[in-house]
Amino acid sequence: MMEKQAFNRIGKYCRNYRLTVLNLTLQEVAGKDNIKTLSSFEHGRSKNLEHLLKYIKKCETEEQKIEFLQGLLLTIEGD
């Protein structure tokens, strides 16, 4: 089981990636889902890792997907 700090780091990483690389709003990533749910994930209050798929799907290139996943791995490892 992952510790709460890991979920906080993952959410923070996803929020940063959304803003700095994807340049998308919370609504654009959430799509038809409730933005409050995605916001909770980005702030470490949700442990639903299915949200990660939304960020991957919003990547425009394979390179962006790889960059996102590599960064995610480093984040999970605590680097």
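**Close-up views of a helical model**

**Figure 1. Helices α3 and α4 are roughly perpendicular to each other, a label for crossing angles of 65 to 115 degrees (under 35 is roughly parallel, over 145 roughly antiparallel, and the rest oblique).** The model shown here is predicted, so local features are given only at pLDDT of at least 70 and side-chain atom pairs only at pLDDT 80 or more, while totals for chains, interfaces and linings use all residues. Numbering starts from 1 along each chain as its sequence is written, and side-chain values rest on heavy atoms, with hydrogens and water left out. The axes of α3 (residues 35-42) and α4 come within 10 Å and cross at roughly 100°; axes are lines fitted to C-alpha atoms, for helices over the stretch in contact, with angles from 0 to 180 degrees between N-to-C directions. Helices are DSSP runs of H or I with at least four residues, numbered from the N terminus.

**Figure 2. A closer look at where α3 meets α4.** From α3 come Thr37, Leu38, Phe41 and Glu42, and from α4 come His51, Leu52, Lys54 and Tyr55. Sorted by class, this contact holds four nonpolar, two polar and two charged residues; Ala, Val, Leu, Ile, Met, Phe, Trp, Tyr, Cys and Pro count as nonpolar, Asp, Glu, Lys and Arg as charged, and the others, Gly among them, as polar. Contact here means heavy atoms within 4.5 Å.

**Figure 3. The buried side of α4.** His51, Leu52, Lys54 and Tyr55 are buried in this helix. They lie on the same side of α4, because they cover an arc of only 155° around its axis. Buried stands for under 20% relative accessible area, exposed for over 50%, and partly exposed for values in between (1.4 Å probe, protein chains only). The arc is taken from the directions that run from the helix axis to the C-beta atoms. Packed against the buried residues of α4 are α1, α2 (26-30), α3 and α5.

**Figure 4. Glutamate 42, a buried residue of α3.** With 3% relative accessibility, this glutamate counts as buried. Which residues does glutamate 42 touch, not counting those up to four places away in sequence? They are Gly11, Lys12, Cys14, Arg15, Arg18, Leu26 and Tyr55.

Figure 5. Asparagine 23 has a positive phi of about 55°, although it is not a glycine. Is asparagine 23 buried or exposed? Its relative accessibility is 57%, so asparagine 23 counts as exposed.

**Figure 6. Helix α5 from end to end.** The 16 residues of α5 (residues 62-77) should span 22 Å at 1.5 Å a residue, and the end C-alpha atoms are 23 Å apart, which agrees. Gln64, Phe68, Gly71, Leu72 and Thr75 are its buried residues. An arc of only 105° around the axis holds them, which puts them on the same side of α5. Their cover includes α1 (4-22) and α4 (51-58). Across on the other side of α5, Glu62, Glu63, Leu73 and Glu77 are exposed. Just after this helix comes glycine 78, with a positive phi of about 90°.

**Figure 7. Glutamine 64 in helix α5.** With a relative accessible area of 16%, glutamine 64 is buried. Setting aside neighbours within four places in sequence, glutamine 64 is in contact with Tyr17, Val21, Leu22, Lys58 and Cys59. Glutamine 64 and valine 21 are 43 residues apart in sequence, yet 8.4 Å apart in space, C-alpha to C-alpha.

**Figure 8. Asparagine 48, in the loop between α3 and α4.** The relative accessible area of asparagine 48 is 33%, so this residue is partly exposed. From asparagine 48 to tyrosine 17 the separation is 31 residues in sequence and 18 Å in space, C-alpha to C-alpha.

How values were computed:
Helices (H or I, at least four residues) and strands (E, at least two) are DSSP runs, numbered from the N terminus. The expected span of a helix is 1.5 Å times one less than its number of residues.
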